Amino acid sequence: MTVATDILAEGKTKTLRPTSQPDELRVAFKDAATAFNGKKYQEMPGKGALNARISALLFELLAAQGIPTCFVRAGSEPTELIYKRLTMIPLEVVVRNFAYGSIVKRFGFDEGMPFNKPLVEFFHKTSDDPQITEDLILELNLVPTAATLEAIKRLTLQINEIFVAFFEARGIRCGDFKLEFGLDPDGTLLLGDELSPDNFRLRDAQSGAVLDKDVFRLDLADLVETYQGLLARMEQPAPVSVSVPSAKLKTYQAEVWVHSRKSILNPESKAILEGIHTLGYGNVQALGAGKRFTLKVAAASLVEAEQTLNQLAQTVLSNPVIEDYELKFKN
Ligand code: C5P
């Protein structure tokens, strides 16, 4: 039996313990459900193993698509998973495809209304998890750099695309979900936390039946039975018609901005600045000239589009010895 002193951290639904590997964690999912910031609580035998299994399945799905995650492998107990140890970023990142939950209360959307494009919202992980703007995230140094925040948004949208397709292929609408990210000792951004129906809104696409923790929040049905049914649907292979990626190519619009590395003197920028000064604009103190490329790429996923554009930017659009580039998606 594991003694309590082993515990590194304990939350409402998970307990973290060390393993023999210093860079890993043993995460045990508890047989308990909580809602409304801990005000509602119920012991539920079987829930921990279901949440561990569903999380593992979704982490494996993401890893297969090239998304970096904390998941290493299933643990020796059905309630346990082994994770890489991360320094967690204190943000809850919510992505919404349809209006449910707090956004309905906050902005008066009709429940179940589809959004024109996925909405990403940030909440600060403190006692009452207030919504937080990107400016405030940077002001409070909750992420190391602005680029980390951009990477969090990009990964969140990539993950959303994968989950929407995965659930759609099984007749399930992915309404919204919450993610948390962390940094490994090298500073690499990885998806952390859990991917269980506690953190999703999932609805049967035909009947609208609730397949997530709302069954507990709203006393709609037995949570363990609901999660068992969901897992059975998730474990089914997708019909061939929806699992062939080439049949579903999408067009992604992007911009690649190329500019000289800061430490390198750009003769073009220098010449333009000198010209500007000659024209009498002595108050212009610095200038950096660069190139902007606009592109449309047909790809099976946002992950694939990003891979193609990164390769192109590094080999054709920029000179990696003296230039840096930024990639921005427009849709
Ligand atoms: O409550 P709200 O509508 O903002 O929740 C959006 C999504 O984030 C839901 O899927 C919910 O389960 C999840 N969430 C979470 N943990 C929180 C808050 C929300 O997993 N602390």
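## Strand pairing

Two strands are taken to pair if DSSP finds at least two bridges between them; helices (H or I, at least four residues) and strands (E, at least two) are DSSP runs, numbered from the N terminus. By these criteria β8 and strand β12 (residues 181-183) run antiparallel and are joined by two bridges. Within this pairing, Met 88 has Gly 182 in β12 as its bridge partner. The structure is a predicted model, in which local features need pLDDT of at least 70 and side-chain atom pairs count only at pLDDT 80 or more, while totals for chains, interfaces and linings use all residues. Residues are numbered from 1 along each chain as its sequence is written, and side-chain values use heavy atoms, with hydrogens and water left out.

The two strands belong to an open sheet of three strands with antiparallel pairing, in the order β8-β12-β13. Because β8 (87-88) and β13 stand at the edges with a single partner strand each, one side of each is left without a neighbour in the sheet. Elsewhere, strand β6 (residues 71-74) and β7 run antiparallel and are joined by three bridges. Ala 74 stands opposite Leu 81 in β7, and a hairpin of five residues connects β6 to β7. In general, strands of a sheet pair through backbone hydrogen bonds, either parallel or antiparallel.

## Domain division

The protein is divided into domain 1 (4-84), domain 2 (87-234) and domain 3 (246-329), with bounds that come from an automatic or database domain assignment. The centres of domain 1 and domain 3, taken over C-alpha atoms, are separated by 41 Å.

## Aromatic pairs and charges over rings

Rings of Phe, Tyr and Trp (its six-membered ring) pair if their centres lie within 6.5 Å; planes under 30 degrees apart count as stacked, over 60 as edge-to-face and the rest as tilted. By this rule the count comes to nine aromatic pairs. One of them is formed by Phe 59 and Tyr 83, an edge-to-face pair with 5.7 Å centre to centre and 80° between the planes. This pair links distant parts of the chain, 24 residues apart: Phe 59 is in helix α1 (residues 47-64) and Tyr 83 in strand β7 (residues 80-84). Both Phe 59 and Tyr 83 are buried, where buried means under 20% relative accessible area, exposed over 50%, and partly exposed in between (1.4 Å probe, protein chains only).

The pair of Phe 163 and Phe 200 is tilted, because the ring centres are 5.5 Å apart and the planes lie at 55°. Phe 163 lies in helix α4 (residues 146-168) and Phe 200 in strand β14 (residues 200-204), so this pair ties together parts that are 37 residues apart in sequence. Phe 163 and Phe 200 are both buried. One aromatic cluster is formed by Phe 163, Phe 166, Phe 167, Phe 177 and Phe 200.

A charge sits over a ring if NZ of Lys or CZ of Arg is within 6 Å of the ring centre and within 35 degrees of the ring normal. Lys 40 lies over the face of Phe 216, at 4.8 Å from the ring centre. Arg 203 lies over the face of Tyr 100, at 4.5 Å from the ring centre.

Glu 194 lies in the loop between β13 (189-191) and β14 and is buried, with a relative accessible area of 3%. A polar contact is a pair of N or O atoms within 3.5 Å; within protein, one must be able to donate a hydrogen and the other to accept it, and residues adjacent in sequence count only if both atoms are side-chain atoms. The side chain of Glu 194 makes such contacts with the side chain of Lys 14 (2.5 Å) and with the side chain of Ser 196 (2.6 Å).

Leaving aside residues up to four places away in sequence, Glu 194 touches Thr 13, Lys 14, Phe 29, Asn 51, Ser 55, Phe 59, Tyr 83 and Asn 199, contact being defined as heavy atoms within 4.5 Å. The list includes Phe 59 and Tyr 83, which form the edge-to-face pair described above.

## Loop residues

Most residues other than glycine have a negative phi, and most peptide bonds are trans. Asn 141, in the loop between α3 (134-139) and α4, has a positive phi near 55° and is exposed, with a relative accessible area of 62%. Asp 219, in the loop between α5 (214-217) and α6 (223-235), has a positive phi of about 55° although it is not a glycine. Asp 219 is exposed, with a relative accessible area of 62%.

Ala 289 is found in the loop between α8 (267-278) and β16 (290-299) and counts as buried at 16% relative accessibility. Not counting residues up to four places away in sequence, Ala 289 touches Asn 266, Glu 268, Ser 269 and Ile 272.
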